[in-house]
Amino acid sequence: MSRIAVVGTGYVGLTTAACLADLGNDVHGVDIDEDRIEMLSAAEMPFFEPGLGELVQRNVQSGRLKFTINYKDAIPDAEFVFIAVGTPMDGSGHADLNEIRTAAAGIADHLCGRTLIVNKSTVPIGTGDIVAEIIGGTLRRADVDFAVVSNPEFLREGSAVHDFMEPDRIVLGAHEQEAAEEVAALYKPLSAPVLITTLYAAEMIKYASNAFLATKISFINEIARVCEKLDADVRVVAEGMGMDSRIGPAFLEAGTGYGGSCFRKDVLALARMLEQIGAHPQLLHAVMDVNRAQPGLLVEKVHDVLGTLRHQTVGLLGLSFKPNTDDMREAPSIALVAALERRGAHIRAYDPAAMAIAQPLMPKVTMQSDAYAAADGADALIVVTEWNEFRQIDFARIKQVMRRPVIIDGRNLYEPDELNALGFVYKGVGR
């Protein structure tokens with residue numbers, strides 16, 4: 001059993017803390033948000049993530065997982081301290097490292113003996129050195145021995161627990177290979193491939209991975225536009241592409257574009273890094289341009305069918321940026337709602353998990369109890385998020401309650417011929 005502190009209890013930090021505790025370690029989660037810490041100490045979840053609540057509850061009850069707002073309660077005894085705080089965009093698109101700096105200073109005040117500092121947050125290249133400098137310059141004791149290890153996370157919201165427990169790979173980077181190997185021992189029970197590299201390469205792997213996945217999404221959305229003009233089905237095109245082992249099928253799903261806390265932030269941050277060294281990130285800018293345009297394309301599809309959006313009622317199925325999460329950060333639905341409202345549409349919406357968080361972001365939208373209520377009286381229904389429950393909709397019932405039977409399938413969930421046979425006007429993405 002190792003003694004571990006995890007600073008930050010957001011998606012990454014809480015998943016990391018709970019999973020490490022479930023592997024038999026003694027874990028303290030640290031956060032400055034008193035309300036959040038109070039909730040977690042009572043094994044209550046501050047956000048929706050499948051399976052994580054049960055994991056937190058089990059390990060809080062066992063005593064392996066504890067939460068505190070005080071660094072002094074968690075850091076002195078810790079052998080490993082994971083930093084999992086936010087790195088949001090600043091006004092220029094760079095990663096804001098204020099929370100990283102604050103965490104590093106707080107950790108330094110209470111370090112004792114030999115401790116490994118593990119950067120779990122997504123950070124620009126060189127941040128490990130910044131953390132080391134802050135800790136080295138803030139230490140209160142002379143007998144402290146520490147090293148900084150980069151351990152980027154690859155957790156997908158909606159499947160974070162699975163991704164931690166069954167990872168594709170563990171990436172570790174440090175100036176001292178021995179430090180990286182010590183962190184690797186924490187993951188030994190997972191029997192996952194481990195890549196140990198330099199500190200800078202590990203930091204770069206995270207940004208490069210997210211930028212590449214975002215590129216695949218924008219690429220297939222670009223191909224979808226061509227497919228619509230040439231009477232080809234982008235789903236079949238993507239299937240044929242994905243059968244090539246060099247390409248693979250993942251992230252080749254045309255739709256509303258990417259959202260969430262990572263892709264937009266990380267692609268822009270990587271572009272800013274390239275600009276800083278005098279490079280020209282044309283590809284990254286194209287990826288971002290295509291993604292920004294996707295919600296507008298759905299609005300145009302609705303307009304083309306209805307002729308006007310003024311005083312029309314549009315129902316939305318799904319609001320969160322992806323299924324199995326209530327996260328609204330950079331969700332395509334936000335831009336979609338704004339564009340529809342600018343054209344005078346009235347909007348009704350339903351999401352299984354995100355409506356409470358979405359409502360302040362779109363105060364004019366009327367939230368509904370289910371998909372059928374969102375469709376009631378609507379002139380068009382737009383599928384925004386591919387929640388599983390939307391795959392089993394009774395379209396005969398939907399048609400009865402809609403004012404006009406128009407389906408804009410932003411996630412290509414349904415078969416055009418089947419909906420056309422039921423009397424719907426169906427528009428997918430690249431179909």
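Predicted model: local features only at pLDDT ≥ 70, side-chain atom pairs only at ≥ 80, totals over all residues.
Local features need pLDDT of at least 70 and side-chain atom pairs count only at pLDDT 80 or more, while totals for chains, interfaces and linings use all residues. Residues are numbered from 1 along each chain as its sequence is written, and side-chain values use heavy atoms, with hydrogens and water left out.

Start at strand β7, residues 170–174. Helices (H or I, at least four residues) and strands (E, at least two) are DSSP runs, numbered from the N terminus. Strand β7 pairs with strand β8 (residues 194–197) in the parallel sense, over four bridges; two strands pair if DSSP finds at least two bridges between them. Among the bridge partners, Ile170 goes with Val194 of β8, and Val171 with Leu195. Strand β6 (residues 145–150) runs antiparallel to β7 and is joined to β7 by two bridges. There, Val149 stands opposite Ala174 of β7.

Between β7 and β8 the unit includes helix α8 (residues 177–186), and the three elements make a right-handed β-α-β unit. Right-handed applies if, with the strands pointing away from the viewer, the path from the first strand over the helix to the second runs clockwise.

How many residues of β7 are buried? Five of its five residues are, where buried means under 20% relative accessible area, exposed over 50%, and partly exposed in between (1.4 Å probe, protein chains only). Ile170, Leu172 and Ala174 cover one side, and Val171 and Gly173 the other; both faces are covered.

Met204, in helix α9 (residues 199–230), is partly exposed, with a relative accessible area of 33%.

The aromatic side chains come next. A pair of aromatic rings is described by the distance of the centres and the angle of the planes. The structure holds seven aromatic pairs; rings of Phe, Tyr and Trp (its six-membered ring) pair if their centres lie within 6.5 Å, and planes under 30 degrees apart count as stacked, over 60 as edge-to-face and the rest as tilted. Tyr11 and Phe47 have ring centres 4.2 Å apart and planes at 35 degrees, so this pair is tilted. Tyr11 lies in helix α1 (residues 11–22) and Phe47 in the loop between α2 (34–41) and α3 (52–62), so the pair links distant parts of the chain, 36 residues apart. Tyr11 is buried at 14% relative accessibility, and Phe47 is buried at 10% relative accessible area.

For Tyr258 and Phe263, the ring centres are 5.8 Å apart and the planes at 80 degrees, so the pair is edge-to-face. Both residues, Tyr258 and Phe263, are buried.
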